[in-house]
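Open the model in your viewer and get ready to select residues by number. The tour goes stop by stop.

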Amino acid sequence: MDMAKVSRISGTGGQLLVAALEQMGVERVFCVPGESYLPVLDALHDAAIPVTVCRQEGGAAMMAEAFGKMTGRPGICMVTRGPGATNAAAGLHVAQQDSTPMILFVGQIEQGMRGRDAFQEVDYVQMFGGIAKWVAEIEDPARMPEMISRAFHTATSGRPGPVVLALPEDMLAAAAEVAVLRAFTPLETHPGLSQMAELQKRLWAAKRPLAILGGSRWTEAARDAFTRFAERFELPVACSFRRQMLFDHLHDCYAGDVGIGINPALAERVRDADLLLLVGGRLSEMPSQSYTLLDSPEPRQDLVHVHADAEELGRVYRPSLAIHATPVGFCAALEGIEPPAAIGWSGAAGEAHQAYLDWSGARPRVAGSLQMADVMDWLEQNLPDDAVLTNGAGNYATWVHRFHRFRRMNTQLAPTSGSMGYGLPAAVAAKLKFPERTVVCFAGDGCLQMTMQEFGTAAQEGAAIILVVVDNGMYGTIRMHQERDFPGRVSATTLVNPDFAVFASAYGAHAETVETAEAFGPAFERAVASGRPALLHLKLDKEAITPTRSLSEIRAG
């Protein structure tokens with residue numbers, strides 16, 4: 001293929017696809033190989049884009065989603081047709097619910113075989129139409145630049161999300177001459193002057209305002225700008241479910257996270273607010289406590305909703321003031337509004353922050369010799385501020401969300417979709433993006449075994465993640481609900497687990513079993529010093545189902 005610096009290039013569909021990805025600034029591709037897209041794999045052989053070979057398509061898609069979360073640009077995943085695409089759906093759903101830009105490329109049957117139920121044939125428009133923002137099939141290599149450009153813009157515009165492009169085998173082998181794509185820059189929307197003036201007016205009239213930050217499309221600059229705004233207005237600031245990195249937890253204005261297991265004092269503050277400034281997020285089921293903190297469609301609170309997608313404004317809650325803007329555009333405009341001469345809620349931020357410190361600083365004791373609160377204490381005292389923490393879904397994550405104090409951007413990767421198995425693939429992606437940082441994955445024994453094979457990807461890539469397995473021998477969250485609703489009738493929630501440390505050792509990783517909190521710190525230090533992927537197998541008592549309640553207490557009601 002002629003890759004000289006000219007306005008047009010020629011090549012096969014596979015070569016043109018890879019060239020387009022290079023032109024769009026793609027940093028990495030995550031894949032599971034398949035014969036359906038061999039021309040793409042061949043073109044990647046000569047490309048400057050690193051390729052991470054994963055073990056299962058669900059893990060590959062979750063890695064791509066995590067990369068999209070960290071960069072704000074589409075994470076790229078490539079899988080084969082049929083079963084490969086089906087497996088990838090798990091990561092695609094995370095991208096949809098978490099508003100993450102991602103592009104899934106799927107190998108496809110030859111176009112002349114359509115409609116015959118050919119080997120691994122799937123109609124991807126039907127299959128992914130309810131999850132992805134856009135699903136299409138590239139039928140002509142001459143349209144490659146157009147389709148790739150649209151995919152990048154669709155994945156990142158408004159409320160970001162996943163795009164799926166199917167790649168017929170014959171199209172990938174056919175040749176064409178096409179235009180060279182210009183570099184891609186996500187589009188930002190900005191608020192109008194009248195909207196910002198109205199926001200200032202409403203803030204000046206407020207007595208109990210509260211900001212809640214969430215969603216995607218945030219940058220370090222936007223976060224810093226909102227922090228300066230909060231300081232000028234002495235505004236209490238909370239973060240939405242699994243978006244805790246959007247505000248420094250030790251800042252005097254930080255009020256806590258509006259998520260599962262919310263601080264009751266913060267929940268009351270949300271209910272009692274006379275002005276809620278919701279920036280970037282949607283306040284969906286988990287942060288809204290099953291849609292109870294705000295009335296729908298007319299909230300009791302004066303709601304100012306800022307979102308990058310106009311279709312999200314008024315979708316569930318009717319805002320008093322709707323502002324169609326990205327966090328970047330909105331936070332830049334905040335520099336132009338001023339607080340009142342006398343702040344009517346003076347002292348509220350300090351009270352909210354103290355309530356957060358009291359809540360996150362409590363160290364409840366649980367059953368068994370391993371105290372997770374002490375494990376978290378050690379991490380808080382020893383982890384650098386830029387350490388990345390990842391997790392999937394399960395009760396074990398409660399300790400991370402409640403007790404870890406996030407200080408910086410790009411330090412949290414967790415699925416608002418509640419997808420089990422997410423933490424390990426996300427940790428691999430994080431270590432590849434930030435090799436100089438400490439990356440710690442928390443995973444329950446059930447959660448880990450959804451994507452456990454991706455530890456092999458970490459070993460192959462030399463991604464020195466630290467995987468902390470919290471093992472209580474069951475699907476803990478489901479058992480908790482089961483004991484609450486059907487006490488004493490245990491069904492389909494018990495797990496027989498492997499020796500996870502032996503499993504990790506088989507990959508040449510550093511591995512230890514930890515049965516007390518006192519043993520955790522030295523084991524963690526040895527894991528870091530090894531310079532290899534590491535696994536720490538924590539044995540947690542079955543009764544220690546949450547930081548505050550035992551399984552027996554839940555069973556007893």
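What follows is a short walk through aromatic pairs, charges over rings and one glutamate.

**Before you start.** Keep in mind that this model is predicted, not an experimental structure. Its aromatic pairs number 13.

**Stop 1: Y124 and F128.** Select these two rings first. Are they stacked or edge-to-face? Their planes meet at 10 degrees, with 6.2 Å between the ring centres. Planes under 30 degrees apart count as stacked, so Y124 and F128 form a stacked pair. Y124 has 3% relative accessibility, so it counts as buried. F128 is buried too, with a relative accessible area of 1%.

**Stop 2: F520 and F524.** Jump to helix α20, residues 517–530. F520 and F524 are four residues apart there, so about one helical turn separates them. How far apart are the ring centres of F520 and F524? The distance is 5.7 Å. Their planes make an angle of 40 degrees, so this pair is tilted. Check the surface again. F520 is buried, at 0% relative accessibility. F524 is buried as well, at 4%.

**Stop 3: a ring cluster.** Select F226, F229 and F233 together. Ring pairs join these three residues into a cluster.

**Stop 4: charges over rings.** R402 lies over the face of W359, 3.7 Å from the ring centre. Move on to F434 and R437. Here the charged end of R437 sits over the ring of F434, at 4.1 Å from its centre.

**Stop 5: E483.** Finish in helix α18, residues 476–485, where E483 is found. Is E483 buried or exposed? Its relative accessibility is 2%, so E483 counts as buried. What does its side chain reach? Draw a line to the backbone nitrogen of G488: the distance is 2.9 Å. Then show the surroundings of E483. Setting aside neighbours within four places in sequence, E483 is in contact with G488, V490, L551, I554 and R555.

How values were computed:
Residues numbered from 1 in each chain as written. Predicted model: local features only at pLDDT ≥ 70, side-chain atom pairs only at ≥ 80, totals over all residues. Heavy atoms only, no water. Phe/Tyr/Trp six-rings, centres within 6.5 Å; stacked < 30°, edge-to-face > 60°. Buried < 20%, exposed > 50% of the residue type's maximum accessible area, 1.4 Å probe, protein only. Helix = DSSP H or I, 4+ residues; strand = E, 2+ residues; numbered from the N terminus. Lys NZ or Arg CZ within 6 Å of the ring centre and 35° of its normal. Polar contact = N/O pair within 3.5 Å; in protein donor to acceptor, adjacent residues only side chain to side chain. Contact = heavy atoms within 4.5 Å.
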